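Subject: Structure handover

Hello,

Here is the structure I said I would pass on.

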Amino acid sequence: MYILFNGLMMALELAAIYGVAWAGYTAPVIFAAGTALIALGVGAALEIARLKYEFPFYFDRAPGRSMILIVAVGALESITKAVLAGVVALLTFLGTDQERLKIVAIVFAASLFLGVQVVRFLMGRLKARPLRWGYFRLAAPLGLLFSAGLTFLPAPGITELAKRAAFDLPAKPSMEQASEFLFLLKQSFDEIVVRMLSWVFDPSVAQAIGAIVSVNMLSGFVLALYAVLIAEGIRTLESRV
């Protein structure tokens with residue numbers, strides 16, 4: 001029964017990961033809006049709780065009336081991160097190249113899977129609180145993982161990109177066309193950075209540094225958000241059964 005139960009939990013975990021990636025791939029606009037709302041709902045309470053703990057570290061006094069300031073700053077930070085999460089989620093999955101979007105969805109799902117495993121490992125070994133730890137600490141490593149996974153996608157040169165902008169893009173591009181162009185622009189910029197770094201470093205080192213400074217790192221926050229929610233959901237199911 002224990003083996004069957006663990007198998008069921010793993011199946012539910014994989015289904016949740018697949019569902020998140022599938023939602024982003026098939027309904028990017030809805031996925032982006034949902035991501036923003038989730039980030040706002042989860043982030044507001046966590047940001048305020050973090051600021052309560054940080055206040056005595058920065059100021060030699062009890063919060064007192066400063067609770068109003070703490071709530072205001074926490075709300076502002078959560079709103080900012082929610083908007084960022086929604087925009088990043090949209091740019092990640094919205095586009096016109098379906099083959100490229102499939103690869104992005106696969107890399108996203110793989111990164112999310114590893115993120116969930118890290119959270120569950122820390123929960124089991126270090127008794128980490130998934131929402132708190134993952135929300136504030138998991139974004140950078142998952143962003144790096146996702147960014148590294150996309151380095152294998154071909155990047156158009158500046159000349160080709162300029163031609164696409166001049167001849168392929170209409171005067172008023174759709175959201176999908178604009179997002180596709182922005183993704184290609186992002187890939188081209190990353191490629192330029194890697195080439196410049198190759199003048200100083202070994203190509204493999206330059207590739208690694210390029211993944212770190214890539215705009216794709218921003219997707220780490222979206223990945224971290226869903227990783228902690230999935231891990232928290234699985235933990236809740238395990239504790240109730």
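Predicted model: local features only at pLDDT ≥ 70, side-chain atom pairs only at ≥ 80, totals over all residues.

Residues are numbered from 1 along each chain as its sequence is written, and side-chain values use heavy atoms, with hydrogens and water left out.

Core. A nonpolar core here is a set of buried Ala, Val, Leu, Ile, Met, Phe, Trp, Tyr and Cys residues joined through side-chain atoms within 4.5 Å; buried means under 20% relative accessible area, with a 1.4 Å probe and protein chains only. The largest such core has 46 residues, and F31, F108, L112 and V222 have the most contacts inside it. Two or more residues come from each of α1 (2–26), α2 (28–58), α3 (67–93), α4 (98–126), α6 (139–150) and α10 (219–240). Helices are DSSP runs (H or I, at least four residues), numbered from the N terminus. The most is given by α10, with eleven residues.

Leaving aside neighbours within four places in sequence, F31 is in contact (heavy atoms within 4.5 Å) with V20, A23, G24, A89, F93, F108, V222 and Y226.

Serine 111. S111 lies in helix α4 and is buried, at 2% relative accessible area. Beyond its neighbours within four places in sequence, S111 is in contact with L142, L145, F146 and L223.

Helix pairs. Axes are lines fitted to C-alpha atoms, for helices over the stretch in contact, and angles run from 0 to 180 degrees between N-to-C directions.

α6 and α10 pack at about 115°, with their axes 7 Å apart. On the α6 side the contact is made by A139, L142, G143 and F146, and on the α10 side by S219, G220, F221, L223, A224 and A227. By class, this contact has seven nonpolar, three polar and no charged residues. For these classes, Ala, Val, Leu, Ile, Met, Phe, Trp, Tyr, Cys and Pro count as nonpolar, Asp, Glu, Lys and Arg as charged, and the others, Gly among them, as polar.

α8 (residues 175–198) and α9 (residues 203–213) pack at an angle of about 140°, with their axes 8 Å apart. V193, V194, L197 and S198 of α8 meet P203, A206, Q207, I209, G210 and V213 of α9. The contact of α8 with α9 has seven nonpolar, three polar and no charged residues.

Regards

Conventions:
Buried < 20%, exposed > 50% of the residue type's maximum accessible area, 1.4 Å probe, protein only.
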